[in-house]
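Here is a short briefing on one protein chain. Please look through the sequence and the 3D structure before reading on.

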Amino acid sequence: MAVAAASIVARYQSLKAMDTLSEQAGITLPIGAGHAVDLIAAKLIRKGLDLNQFAKVHFANTQKARQLARQ
């Protein structure tokens, strides 16, 4: 029971954090990976925002987003 409760609380906090980051970025930030996420990351880069504030940048899609931002 305790593990289930902790999981619910953690998910709630994660979603709240994404809402806050979306407000700061001025765009809805999707959760996960894929082409749609790459496009949003490219938009953040084009806006001159520090991607480190909004994403985990050690994944391969960071390079994809940087390439898309240059187009």
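Where is the place of A25? A25 sits in helix α1. The model is a predicted one.

**Overall architecture**

- The protein chain has 3 helices and 0 strands.
- Read from the N terminus, its elements follow the order α-α-α.
- The helices are α1 (2-25), α2 (35-46) and α3 (61-70).
- The C-alpha trace spans about 50 × 25 × 15 Å along its principal axes.
- The radius of gyration of the protein chain is 14 Å, whereas a compact globule of 71 residues would have one near 11 Å.

**Surface and packing**

- Of the 71 residues in the protein chain, 24% are buried.
- Take the contacts between residues at least 6 apart in sequence: 35% of them join residues at least 24 apart.

**Largest pocket**

- The largest pocket holds about 430 Å³ of space.
- Its lining consists of 20 residues. Nearest the centre of the pocket lie G32, V37, F54, A55 and K56.
- Helices α1, α2 and α3 each contribute at least two residues to the lining.
- Helix α2 gives the most, with 4 residues.

**Helix α1: S22 and A25**

- S22 belongs to helix α1.
- S22 has a relative accessible area of 13%, so it counts as buried. The cut-off for buried is under 20%.
- Beyond its neighbours within four places in sequence, S22 is in contact with I27, T28 and L29.
- Which residues does A25 contact, leaving aside neighbours within four places in sequence? They are L44, K47, L49 and F54.
- F54, one of these contacts of A25, is also among the residues nearest the centre of the largest pocket.
- A25 and V57 are 32 residues apart along the chain, and their C-alpha atoms are separated by 16 Å.

- P30 lies in the loop between α1 and α2.
- With a relative accessible area of 33%, P30 is partly exposed.
- Not counting residues up to four places away in sequence, P30 touches M18, V37 and I40.
- V37, one of the residues touched by P30, is also among those nearest the centre of the largest pocket.
- From P30 to N52 the C-alpha to C-alpha distance is 15 Å, and the two are 22 residues apart in sequence.
- A33 is placed in the loop between α1 and α2.
- Why does A33 count as exposed? A33 counts as exposed because its relative accessibility is 68%, and the cut-off for exposed is over 50%.
- A33 and K56 are 11 Å apart in space, C-alpha to C-alpha, and 23 residues apart in sequence.

Notes: Residues numbered from 1 in each chain as written. Predicted model: local features only at pLDDT ≥ 70, side-chain atom pairs only at ≥ 80, totals over all residues. Heavy atoms only, no water. 1 Å grid on protein atoms, 1.4 Å probe; cavity = no way out; pocket = protein on both sides within 12 Å on 5 of 7 lines; lining within 4 Å. Points joined across faces, edges and corners; volume = space filled by probe spheres on them. Rg over C-alpha atoms; globule rule 2.2 N^0.38 Å. Buried < 20%, exposed > 50% of the residue type's maximum accessible area, 1.4 Å probe, protein only. Contact = heavy atoms within 4.5 Å.
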